[in-house]
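I opened this entry to record what I looked up around the ligand and in the sheet. The model is a predicted one.

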Amino acid sequence: MLVDLDYFFAQAEEIRNPAIRGKPVVVCVYSGRSEDSGAVSTSNYVARGYGVKSGMPIIQAKRKLENVEAVFLPVDHVYYDRVSEKVMDVLRSYADRFEQVGVDEAFAEATQRTDGDFEKARGLAQVMKDKLKAQLSLSCSIGVGPNKLVSKVAADEQKPDGLTVIKPDQVEQFLFPLPIRRLIGVGVKTEERMHNMGINTIGDLAKLDVQRLIDVFGRKLGTYFHNASRGLDDDPVEESGEAESFSRIATLKQDSHDLGLILEKTDQLCEEIHNTLVQQKLSFKAVGIVAFMKDLTVYSRSKTLQNQTDDVEIMKQTVEELFAKLLSEVQFDVRRVGVKVSGFAKEQRGQKKLTSFLEPAEGGQP
Ligand code: TTP
Ligand code: MG
């Protein structure tokens with residue numbers, strides 16, 4: 001299955017401040033050149049109802065929401081990453097194998113635990129949705145299918161708060177009527193080229209001779225489109241060994257310059273990170289800290305270890321060493337602290353990811 005959080009950045013803002021729920025919420029990347037210059041990162045579905053879209057200039061979004069009490073907020077990636085990690089920890093526990101593919105998106109292999117039964121998989125997906133709602137107040141949309149490709153297209157079928165199950169014998173009747181743009185890897189440019197070739201639906205694409213597709217799109221992409229249009233995909237769900245780092249951030253009980261008080265908090269963060277590492281059978285080679293000071297300045301420090309390790313005590317000791325040094329250099333009180341580990345030992349995987357060679361399906365991140 002593919003799990004995709006609904007209007008993620010904007011939903012994360014809603015759980016931070018529930019008072020804004022029900023109003024249009026627009027999360028913006030401000031360029032800083034003038035007051036409203038920049039683009040919309042994402043918005044909640046209330047704002048989408050007024051025509052606001054990802055990538056749209058902020059000014060245009062403001063015009064669409066002119067007579068409405070709307071909320072415009074700047075992106076806060078540190079916070080979204082933290083929410084994302086919590087989400088992924090919940091989801092991972094329901095999967096045979098788990099592969100995070102974006103800040104708000106992950107594939108979960110569930111064949112074993114559902115005995116390959118799609119009704120059981122539907123039940124499992126509903127449990128996952130309920131759990132995210134109960135534990136983190138977040139909604140998501142899930143697609144269940146016989147492979148990654150079909151589950152991803154299925155997840156886009158009903159949004160927000162959707163659950164779409166496509167069984168193997170329903171794949172073609174599901175895919176064929178869909179506009180070509182819905183196929184993973186068909187972006188604006190490819191869509192236009194296909195329209196010019198008279199291909200409007202995925203079914204149109206499936207009818208085309210594979211050699212014709214190869215002539216037009218090259219062997220790799222042509223073959224991909226040929227298979228994908230029929231819902232064929234054998235890309236395995238792979239554990240996300242490709243995560244470059246894991247981090248956790250927390251606010252201290254009170255602003256402080258006291259090492260002991262800070263370590264109380266960072267020890268907890270180390271334990272949390274360590275749990276994730278254990279689950280994913282990863283060792284680390286570098287440890288970093290970040291300190292958000294009372295005056296809003298941010299300091300970070302890191303250290304590369306002599307050897308790869310999975311020892312949480314070494315993580316804690318390194319964090320202590322880094323904070324001791326930082327506190328001796330910086331006078332202000334610390335407000336929030338973070339721990340980050342990286343340099344994971346990965347298994348060698350030569351395999352290409354499903355979409356690694358494709359044009360992004362959306363307009364790209366502003
Ligand atoms: P998406 O999953 O594409 O979008 P979404 O979660 O906001 O909405 P939904 O899934 O309900 O359609 O992207 C995840 C996050 O990535 C999104 O919350 C914000 C960010 N993003 C951008 O910053 N720019 C973009 O153009 C897009 C599409 C997303
Ligand atoms: Mg999403």
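I sorted the shell around ligand 1 by class and got 6 nonpolar, 5 polar and 5 charged residues. In total, 16 residues surround ligand 1. I listed the closest as Tyr-7, Ser-41, Thr-42, Tyr-45 and Lys-159.

Next I looked up polar contacts. The side chain of Thr-42 places an N or O atom 2.5 Å from an oxygen atom of ligand 1. For Lys-159, I read 2.6 Å between a polar side-chain atom and an oxygen atom of ligand 1. Leu-5 takes part through its backbone: a polar atom there is 3.2 Å from an oxygen atom of ligand 1.

How much of ligand 1 does the protein bury? Taken alone, ligand 1 exposes 550 Å², and the protein buries 85% of that. I then asked which elements give two or more residues to the shell. They are strand S1 (2-5), helix H1 (8-16), strand S3 (38-43) and helix H2 (45-49).

I turned to the sheet. It is open, has 3 strands in the order S3-S2-S4, and its pairing is mixed. S3 and strand S4 (71-74) are the edge strands; each has a single partner, so one side of each lacks a neighbour in the sheet. From one strand to the next, the twist averages 35°.

I checked one pairing in detail. Strand S2 (residues 25-30) pairs with S3 in the antiparallel sense over 5 bridges. Val-29 has Ala-39 in S3 as its bridge partner.

Last, I placed H1 against the sheet. H1 lies across S2, S3 and S4 and runs at about 115° to S2.

Methods: Residues numbered from 1 in each chain as written. Chains lettered and ligands numbered in written order. Predicted model: local features only at pLDDT ≥ 70, side-chain atom pairs only at ≥ 80, totals over all residues. Heavy atoms only, no water. Near = heavy atom within 4 Å. Polar contact = N/O pair within 3.5 Å; in protein donor to acceptor, adjacent residues only side chain to side chain. Areas by Shrake-Rupley, 256 points an atom, 1.4 Å probe, with all protein chains shown as cover. Helix = DSSP H or I, 4+ residues; strand = E, 2+ residues; numbered from the N terminus. Nonpolar A, V, L, I, M, F, W, Y, C, P; charged D, E, K, R; others polar. Pairing = 2+ DSSP bridges. Axes fitted to C-alpha atoms, helices over the stretch in contact; angles between N-to-C directions. Contact = heavy atoms within 4.5 Å.
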